Amino acid sequence: MRKISILVIFIFLFFGCKQKTVVNPTFYYWKTDYQDKKVETAYLNQFKSKSLYVRIMDVDFNPDLQLPVPVSPIKFSDPIPKETDIIPVVFIVNQVFNKIDTMQTIVMADRIAKFVAAKVKQAGKPSYRELQIDCDWTKGTRNRYFKFLEQLKANPLLKGKTISVTLRLHQVKNIVSSGVPPVEKAILMCYNMGNLRKYGDQNSILDQHEMDLYLKDYLEQYPLPLDVALPLFEWAVVFRNGQYAGISKRISKTQIDDKKLFKQRENSILYDLLTDYPAAGLKKGDVVRWEQVSAKDLLATSKFLSRYLAPRDRNLVFYHLDTDLLKHFTNEDLQKVIASF
């Protein structure tokens with residue numbers, strides 16, 4: 001009897017002392033002009049967000065200059081709220097690392113560090129603690145990308161700052177070929193996981209089967225501390241003659257629901273265009289796959305991830321801070337997602 005009591009006490013202590021996950025909810029800001037809109041800032045306050053991930057610019061290779069250059073950098077019409085830290089994010093097109101050598105990556109690292117520092121000041125912040133690099137690297141670009149990250153960490157302007165990177169599902173599963181970036185932490189991008197260009201009624205934004213396939217047996221062993229990013233966005237994927245034709249930014253749920261414009265294929269997410277639609281560059285017969293994410297999808301994803309992620313303090317970042325997207329979710333919806341971690 002005494003042995004059983006000791007065992008019960010041991011089990012209680014073991015589970016009682018298990019580290020709990022503390023979730024810090026926040027958002028990506030992925031627009032080219034930061035404006036302190038009251039409705040959007042209210043979400044930061046509502047979720048007690050301590051920081052905001054702000055896309056500073058894209059970096060792509062310019063064939064005329066034969067150099068990587070900034071693309072669509074952000075401007076700050078308003079400062080970031082005083083109580084909110086900025087986490088600058090720089091998206092680098094993967095092919096850049098196929099075009100430049102190691103000496104050029106040193107130059108790129110230095111220019112990015114200076115550009116980011118200037119933009120942070122424009123945002124009304126004296127400094128920042130973390131810089132995030134967003135790049136979907138591959139086996140072929142891995143070595144040069146990782147070298148760039150090391151060069152970035154060594155830059156004097158980034159002394160004492162955390163460098164984080166984005167991590168796709170395939171990079172978790174294929175860790176041998178993808179490698180582990182030489183940084184302090186990563187953020188798991190739980191969206192854009194299906195085949196966007198494949199014709200059919202699958203949802204390429206969020207796919208539970210893909211997560212199970214790429215993460216279930218691999219996520220728990222991933223060696224870097226992980227934050228998590230979840231999608232709030234929706235989009236219209238266009239197909240013409242069965243071939244991928246792009247994403248239409250001119251199509252919203254309002255147009256999709258207009259029965260004079262589109263006819264839904266039974267209960268699928270495919271819609272046939274009934275007439276030419278010049279305003280969106282579409283032609284009669286084009287097929288639009290309307291992809292969106294529900295509160296139910298987000299909750300299922302968060303519950304799945306909580307089973308395999310190591311317990312620790314982590315940022316949960318919703319993509320992205322936009323009134324038109326957030327209106328599809330109630331405060332209760334997102335609070336349930338947060339709590340499930």
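Predicted model: local features only at pLDDT ≥ 70, side-chain atom pairs only at ≥ 80, totals over all residues.
**View 1. The largest pocket and the residues around its centre.** Welcome to the largest pocket, which holds about 1,200 Å³ of space. Its lining is made up of 31 residues, and F233, W235, I247, K249 and Y319 are the ones that lie nearest the centre. Four elements, β6 (85-92), β11 (235-240), β12 (243-248) and α11 (323-326), each contribute at least two residues to this lining. Sorted by class, the lining of the largest pocket comprises 15 nonpolar, six polar and 10 charged residues.

**View 2. The second largest pocket and its lining.** Here the space amounts to about 350 Å³. Of the 17 residues that line the second largest pocket, look for K50, S51, D85, I87 and N315, which lie nearest its centre. Two or more lining residues come from each of β1 (23-29) and β6. Strand β1 gives the largest share, with four residues. The lining of the second largest pocket splits into five nonpolar, six polar and six charged residues.

View 3. Is T301 buried or exposed? T301 counts as buried because its relative accessibility is 0%, and the cut-off for buried is under 20%.

Note on methods
Residues numbered from 1 in each chain as written. Heavy atoms only, no water. 1 Å grid on protein atoms, 1.4 Å probe; cavity = no way out; pocket = protein on both sides within 12 Å on 5 of 7 lines; lining within 4 Å. Points joined across faces, edges and corners; volume = space filled by probe spheres on them. Nonpolar A, V, L, I, M, F, W, Y, C, P; charged D, E, K, R; others polar. Buried < 20%, exposed > 50% of the residue type's maximum accessible area, 1.4 Å probe, protein only.
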